[in-house]
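Here is a short note to read beside the model. Take the points in order and keep the structure in view.

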Amino acid sequence: QVQLVESGGGLVQPGGSLRLSCEASGFTLDEYAIGWLRQAPGKERDGVSCISSIDGSTYYADSVKGRFTISRDIAKSTVYLQMNSLKPEDTAVYSCAADPYAGRCSFLLRQSSFASWGQGTQVTVSS
């Protein structure tokens, strides 16, 4: 059974940093693409970043490129999202998602079409 548990959210001042973690169980990270998506109140869900299953290639939305970094530790079954230079507009519930798709993860991210989802973790950027 695929399970995803996010952690690491919280309140941070503008310009600060947070690292989100997505702990996976029921599969191995080299078999599943993992994505981070976010949803702010009253807005549609947006894809933030993803990492492909086979080659670990990464993709970032333009809004976070250069500030966020996605990585994975296959041995620990955990995917991380390091978020630097945070802005108030980054405030949202961040969810990780997984899918056995073997192609480029950007396809899944644009469609929000991952098969399994975590519960989400709140990130609030405010002074």
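1. The protein has one helix and 11 strands. Both are DSSP runs numbered from the N terminus: helices are H or I with at least four residues, strands are E with at least two. Along the sequence the pattern reads β-β-β-β-β-β-β-β-β-α-β-β.

2. The radius of gyration, taken over C-alpha atoms, is 13 Å. The C-alpha trace spans about 40 × 25 × 25 Å along its principal axes.

3. A word on the source: this is a predicted model, where local features need pLDDT of at least 70, side-chain atom pairs count only at pLDDT 80 or more, and totals for chains, interfaces and linings use all residues. Residues are numbered from 1 along each chain as its sequence is written, and side-chain values use heavy atoms, with hydrogens and water left out.

4. Now the sheet. Four strands form an open, antiparallel sheet in the order S1-S3-S8-S7. Two strands pair if DSSP finds at least two bridges between them. S1 (3–7) and S7 (68–73) are the edge strands; each has a single partner, so one side of each lacks a neighbour in the sheet.

5. S1 pairs with S3 (residues 18–25) over five bridges, in the antiparallel sense. Ser7 stands opposite Ser21 in S3.

6. How much of the protein is buried? Buried residues make up 43% of the 127, where buried means under 20% relative accessible area (1.4 Å probe, protein chains only).

Methods. The radius of gyration is taken over C-alpha atoms; the globule rule is 2.2 Å times the number of residues to the power 0.38. Buried means under 20% relative accessible area, exposed over 50%, partly exposed in between (1.4 Å probe, protein chains only).
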